[in-house]
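Subject: Structure handover

Hello,

Here is the structure I said I would pass on. Please look through it first; my notes follow below.

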Amino acid sequence: MEYAPPPFFKRGPTALARLVFFALLSIALIVADARYHYLEPLRAGIATILYPVQRTVLAPFQLLGNIGGFFSSQSALKIENARLVEQRLADTTNLQRLEALDAENAHLRALLEARARQPGRATAAEVLYSGRDPFARRVVIDKGAKQGLQRGAPAVDDLGVVGQVTRVHPWVSEVTLITDREQLVPVQNLRNGLRAVLAGTGNDGRLELKFIPLNADFQTGDRLVTSGIDGTYPPGLPVAEVTAVERDPAALFARILGKPVAGVARHTQLLVLDWQPDRPAQPPADEAAAPKRGKTRKGG
Amino acid sequence: MEARARPPQLILLPVRPAFIVVTLALALALNLLPWSGVWILLKTDFVALAVLYWCVDQPRRVGFFTAWTLGLVMDVANGALFGQHALAYSVLAFAAIVLHRRIQSFPMKHQFWHVLALLLLNQLIVLGLRLANGAQFPGIAYFFPALLGAILWAPLCALMRTPRIPKSDPDQI
């Protein structure tokens, strides 16, 4: 412990000068991050240092969860087991039909000279935490670049699409949920094949179909699946169900609301797909780079 | 006019640097907890509160650099725009350093309003940056953590002083 006298004459720059310096530095960082995305390596570096701290902080909660699981009663397990066996029987019949349909589909595609759709690889990941930022709907999962995750990969759970991997660090990644305001999913109505763009609203459990003409055939209860035309999501994954259709003749577009099929706000485990779409040959690099940034924001 | 009776002021022991580091790390750990559900109502920005406390108490030790670095760490942990918390904490540190003599001279219930104003300023800066970057106003509940932080100020001060109160008898163990 030191009992140093206060430095009367040597004080360094004034507080205001320091504030101006650090404020300018922060604003430079904000601009560099928001406009030019220069700072991803720095962000990854800090995230790597932070990773053990986060694991340590989360450890007691995971332990509590494990203890809770240990004491789950035998009857509950038996009921779950019976349900799973039943489910498996139902799935087996479906699976057998699927094999036949797959073969038939491959044959028909060969006839049409279309390229086969690749099923791709999937990585199971656990949600570490979510919901700290009130401005965005994001979760952080426990898999990252070391496990082969890539930016832009779709994330699904057992019911449907959850979101998209938007930032990959070495051991963790961020998944932006489809309910985030800036997240758009190209979808297709399962009933009649109409294509649309589904946007998040920033509220859990509410999505909105954008720019649908008043007379378009959407009804309450329609199921929306990914159309796959964006090259991000594989086609045919369930996304949402239409919950309300409002047609105001004074408005330009119909107001169509939906709710996500997947447990977007409550899942603890999800699957990150590594899906490579069959893209046509890309134009030269300098042209391709320009429109890429605005895609998720403007969309449509 | 009679002079107002003031409680006797203790001369506290000097603070150990390790104590500052540990409290800041603890605040960071509290911020990194998986707050969700009902508990999110209890979540306040503990790092802002800790930075504010140390900038008021030890403005020569804890200042802009600490505040700014912790802001960067918070931005990475939240996956937010880089630098927004850094800017907010820098302004918070500035206000705390400039006002530290004033804040310390007030009794606790008046310090409450100072802290509330400073924490609100902190959140307003983050909010302004987010709105400028195209986000939507998340509702009035967004300011609730500032109120909670100001309520926590008095217990926090009492807690942080405890290890620094000198023993009445120096020979006592």
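In which sense do strand 1 and strand 2 of chain A pair, and over how many bridges? Strand 1 (residues 121-130) and strand 2 (residues 138-141) of chain A pair in the antiparallel sense, over three bridges. Strands here are DSSP runs of E of at least two residues, helices are runs of H or I of at least four, and both are numbered from the N terminus. Two strands count as paired if DSSP finds at least two bridges between them.

Before the rest, some conventions. This is a predicted model, in which local features need pLDDT of at least 70 and side-chain atom pairs count only at pLDDT 80 or more, while totals for chains, interfaces and linings use all residues. Residues are numbered from 1 along each chain as its sequence is written, and chains are lettered from A and ligands numbered from 1 in the order in which they are written.

The barrel

In chain A, six strands close into a barrel with antiparallel pairing, in the order 1-2-5-4-3-12. In strand 2 of chain A, Val140(A) is the residue opposite Tyr129(A).

The domains of chain A

An automatic or database domain assignment gives the bounds: domain 1 of chain A covers 15-70 and domain 2 covers 117-277. Their C-alpha centres are 26 Å apart. Six residues of domain 1 of chain A are in contact with six of domain 2 of chain A, where contact requires C-beta atoms, placed from the backbone, within 7 Å.

Chain B against chain A

Between the chains, 36 residues of chain B are in contact with 36 residues of chain A. On the chain B side, helix 1 (17-32), helix 3 (64-78), helix 4 (84-105) and helix 5 (108-132) each supply at least two residues. Helix 4 of chain B has the largest share, eight residues.

The core

The largest nonpolar core has 94 residues. Such a core is a set of buried Ala, Val, Leu, Ile, Met, Phe, Trp, Tyr and Cys residues joined through C-beta atoms within 7 Å; buried means that 20 or more other C-beta atoms lie within 10 Å of a residue's own, with C-beta atoms placed from the backbone. Leu198(A), Val239(A), Val51(B), Leu52(B) and Leu92(B) touch the most other members. Helix 4 of chain B gives the most to this core, twelve residues. Leaving aside neighbours within four places in sequence, the contacts of Leu198(A) include Leu184(A), Leu224(A) and Val239(A).

Regards

Technical notes. Two residues are in contact if their C-beta atoms, placed from the backbone, lie within 7 Å. A residue is buried if 20 or more other C-beta atoms lie within 10 Å of its own, exposed if 12 or fewer, and partly exposed in between; C-beta atoms are placed from the backbone.
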